[in-house]
Amino acid sequence: MATSVERTTSGNTGGSAPGAPVGPAVLALLIAWATGAWLVGGAAREAALPAATWILHGTALAAAVALALALARSARRASAAAAAARRAALGAAFRELGAGDLTRASAAGRGLPDELGPVLERALEGIGGRVERLQESSLAVAGAAEGVDRTASSLAAGAAQQAAAAGEVTAAMEELARTAAEIAEHAESQNRMVAQAEADGAAGAEAVGEAVAGIGAVEARIGDVTSRADTLGSRSREIFRVLELISDIAQETHLLSLNAALEAAAAGDRGRRFAVVAGEVRVLAERVRDSVATVRSQVEEFASAIRATVVATEEGGKEVTRVLDEARAASAALEALRGALGESSGAARQISSVTRQQTAASEEVVSTLRELHQVVERMSRDLTQLSGTAGRLRDVGLDLQLLAQAFRLDSPRSLKRMVDAWSARLDGADAGEMLGELVGATRFVEAGYLVDAGGRLVAIRLGEAFAASAAATAEELRRLDLRERPWYRAAVDAGRAVVIPPERSLLSGEQVLTVALPRRGADGELSGVVGFDVNLRHWTEIGA
Amino acid sequence: MSPELVVVRRAGALWGVPAAAVAAIERGPEGVTVRLAGGRELGAEAVVGLSGEVSVRGLAPPVRRRLPPAVAGLALWNSEPVAVLGVAAAPAGGRR
Amino acid sequence: MSGAHLLVRVGETTAALPAAAVRRVVRSLRLHPLPGAGEGLLGLAEFAGEPLAVLDLARLMGAAGVAGASPAVTVVTWIGPAGDRELVGLAVDEALEVAELDLGAAAAGAGEVLVAERPVRLVDLERLGEEA
């Protein structure tokens, strides 16, 4: 597009040849409008900067008006012969001006009379100064915008990362809160279980206590029974002794009765009645003996039963004592268990309470984090927007730069002047060596190349910062016919230095401006084109 | 007959030897030896006493037949029965 | 011929001793065994200030005694032919009663009568122990 602008500008200038005395004024107006239109045309792509456009427009208009008035005054005083020479000089000056070459326009205007020359010079100076400022300020704008873009992009990326991190932390905190809630629930459930166990334990302890008391009573009864059985045992021993005595007496009585009977028998008839008594005594003694035997056997049975009872009771007593001991041990164990349960219950309550607090705290943190997340996301969006705006601002700055670079000025910022100077140094020198020297002198020139009239690459030198990545691509260029490249055609068509709008570099992949200049031999025939790719990022860094 | 008797304990029983027939009583390491007139002798664990005059009862045939041949009669000394040896027929063998 | 007799139990035998020869029935006297004594003589004892030989009636009668049972009663009685009697103790298991026995109803030669359907051996104290 910049190429077409160049061409359009050149065409306009070429098509407006000066005519009538009013011509200069008309011409000035025409130039002013043409310049304005050119500027507007260049800036029209970027509606975001109408103010800058209108400043340029206004400046050009004012210069043209002043110039027209001066021309009108001088025209009235000029003679016809001089007028022709003046017209020729003026025409040359304006052609150069139309081509944007203020240096040559000024040189062409030196032959003009006093009333025209200085005016033209001042106008050119005014335009040049403004264009120079424009070159510089657009560079500054683009540079600053680039910086803002970079910073905003970096911040946006950081914010996005922060938002992602905040999101992760939020998720983690939510998980933590959920876990804490679960723990609290478990602790409460445990607490309920412990309370139930505590109640059961209390009931159990009571039951065991009752059992212990009951068993104690049984033990006492058994002791009672044992002692009574012992008493009975000793009583039956007494009974045996008495029975023994009775038995003895009965036996003695029996023998006495026998002896009595013997005496009675010895007494004959006289002893007969006595014998009867002795017999009765004997029978009585025998009955006593039999009774004693019966009683003895009964008492023996009774004593044996008592002995068995005592033994059984004593064993029962031992068993009861053992059971009592066990019951007491069980009771103690239950008490200990209840104590432990109480502690456990307290711990569970504490856990529950603490985890509830933690849950609440976690939820607060989560809610805060969510807010933070939203803020960061908003910030990220704003920063992205800012980055976009800064990017557009940088593009506008670069467009302005491109517009300003349409002028060739005696300024270190003028790329056309630079390429003119560099092209001159190529004459008579080894092209490759000189290109290397020139390219190496700046940081912003990505590549310098010399192409012959046949479109073949004669020499190419890459900037130090780009050589590594672009060398292979540069070699490929040697096999191509480069005459159809926009910069080649634009330079040949314009017959002077042209600036090609930014495009992606085949070498670095970054945006470059190409400044191209046709070269002619001693015979004036086209010998080739020299081009320099200016890396915009590095170029704007000069302005920043 | 109511002799005085030397009463000795021999093999758990009391034996009486008429004092008039005793020549000597010797104490040995395992008891005593009662030497009788005529050279016979009687071994015993101990001499337990010398009775005064005691009544010695004779023996009916069914009893005599069942007592050792040297026993000539029975006497009572200190409420204990004593087998009284006939002097002419003291127990042979003598040493327990 | 009839007379009062003391009935005693010796082992499983009931024996009848003529009451006239029996002086006393007492509990077993304290026996002093005599080494070298022959069978049937249990030992010596004291009764009423007299020395006494105690004989085993069961052994003398040839009756079956009860193994291991020591006689509980001693019958102090005269034995031996008239004119050469001796007071002895007869060890028996039990003294039963004094009863009038109708000896005429018994076969005197068999030395046995029935008392209340039970056979009772008559003991001839005059000749007791002679046959052994």
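The model is predicted, so local features need pLDDT of at least 70 and side-chain atom pairs count only at pLDDT 80 or more, whereas totals for chains, interfaces and linings use all residues. Residues are numbered from 1 along each chain as its sequence is written, chains are lettered from A in the order in which they are written, and side-chain values use heavy atoms, without hydrogens and water.

Select chains B and C. Their contact (heavy atoms within 4.5 Å) takes 23 residues from chain B and 30 residues from chain C. The two chains bury about 2000 Å² between them, 66% of it on carbon and sulfur atoms; this is the accessible area (1.4 Å probe) lost on being put together, summed over both. Next, select Arg57(B), Arg66(B) and Pro81(B), which supply 34% of the area that chain B buries against chain C, more than any other three residues.

With a salt bridge defined as a side-chain nitrogen of Lys or Arg within 4 Å of a carboxyl oxygen of Asp or Glu, the count between chain B and chain C is 2.

Finally, centre on Asp93(C), in the loop between β7 (86-92) and β8 (94-102) of chain C (strands are DSSP runs of E, at least two residues, numbered from the N terminus). The side chain of Asp93(C) reaches the backbone nitrogen of Gly11(C) at 2.5 Å.

Terms used
Helix = DSSP H or I, 4+ residues; strand = E, 2+ residues; numbered from the N terminus. Polar contact = N/O pair within 3.5 Å; in protein donor to acceptor, adjacent residues only side chain to side chain.
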